[in-house]
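Biologist: Could you take me through the aromatic rings in this one? I'd like a close look at how they pair up and what sits around them.

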Amino acid sequence: MSTRTLPLLFINLGGEMLYILDQRLRAQNIPADKAKKVMNDIITTMFNKKFLEELFKPQELYSKKALRTVFDRLAHASIMRLNQASMDKLYDLMTMAFKYQVLLCPRPKDILLVSFNHMDAIRDFVKDTPSILSQVDETNKQLVEIYTPLSGGEFQLIRQTLLIFFQDMHIRVILDMFIKRQKNKVQNSNGRFVLPTSGPVPYGTHTPGLIRMFSCSGEEVRRMQFRDGGNYCGALREGSFEMYGDRVIKLGTNMYSVSRPVETHMSGTSKNSSQHTKVNTTPNPLAKEELNLLARLMGGLEVQKSANTDSGFRVNLFATDEEEEEALISRPDELSYDVINIQATKDKQTNAELAKIMGEFGEMGEPASSSSSKGDDLLAMMDGL
């Protein structure tokens, strides 16, 4: 497991979330000023300095439930509100899109180019807001400084860590962006992706189909051809790993930004991930560390409240409200994720409330932390919420 995977996972999933929300805001004809405020507020929260300081510390990935909680909070960092079913669908689309991108990366290091594509698009969202743009640029600099020196082996470990995280997530989705990219079937009926056996080979490699044999002195003595079973072509040039430049590969770009509406829906009976996901109720021995990490991350998400009170509005990720209600009803209670807002102050009443919440978290299959010193640290980190 790589301890450098969390920032890439968060930034890429966050980028996919912004793509989807931007498309839905436009599709539902939300006024431009409100839509811009939503995007700015979410990006401001996503690239909060304190939050990123915690995010970029070497650490292992934590549970899917903990990560989902962070994105629940992030999606509701502005005046926009999502129904539970729409939030479920949003997260399913985010995770399946990034999983597909990781699988299609020609070589492990190209995951960084996918991340840069997301960062380039996010930068474009806030290009007219210098203060937020500087936050995004600072994160981009950190990505360049931390990840470009890593070896191919370290990126292979990052890729394996991501695939382990996604391995049990088989949600069948129908996305025009996938169909547009590939005329062949993209997913099987069980939600597993079908990978192509054609296209350019990874940079720095040759097309398959040739076996070369060498003598003990290193001289080539024989060549043999074999059928590679695909339709491969030469590698594309290497993309830029600088802050600005041509990334070459298109994985991670905003494929929702087309002029026509994009349909993003679940296929057949697979309208939500509940039919493909089993909840593991086995107590997690690392739950204590996960909770403390989550508290530090959420403690850094300080949402700036505007002086004027803007009226909130709801965004629907389904075609109709009826579809959204049907998806909500069909989702089992044990798979529902509630957004918990905690106003933390250092008094006995708040300590009791927080202890109650932590106890409920433990009842869901993860034991609550019993360390008082850790509890005090957690409260201190959450004072800013």
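**Aromatic rings up close**

Modeller: Let's start with Phe166: its relative accessible area is 0%, so Phe166 is buried (buried means under 20% relative accessible area, exposed over 50%, partly exposed in between, with a 1.4 Å probe and protein chains only). Phe98 counts as buried too, at 1% relative accessibility. Keep in mind that this is a predicted model, where local features need pLDDT of at least 70, side-chain atom pairs count only at pLDDT 80 or more, and totals for chains, interfaces and linings use all residues. Residues are numbered from 1 along each chain as its sequence is written, and side-chain values use heavy atoms, with hydrogens and water left out.

Searching the whole structure turns up seven aromatic pairs (rings of Phe, Tyr and Trp, the last by its six-membered ring, pair if their centres lie within 6.5 Å; planes under 30 degrees apart count as stacked, over 60 as edge-to-face and the rest as tilted). One of them is Phe71 with Tyr91, a tilted pair at 6.3 Å centre to centre and 50° between the planes. Phe71 sits in helix α4 (residues 64-75) and Tyr91 in helix α5 (residues 84-104), 20 residues apart, so this pair links distant parts of the chain (helices are DSSP runs of H or I, at least four residues, numbered from the N terminus). Both Phe71 and Tyr91 are buried. The rings of Phe98 and Phe166 are edge-to-face because their planes lie at 75°, with centres 5.8 Å apart. Phe10, Phe51, Phe71 and Tyr91 make up one aromatic cluster.

How values were computed:
Helices (H or I, at least four residues) and strands (E, at least two) are DSSP runs, numbered from the N terminus.
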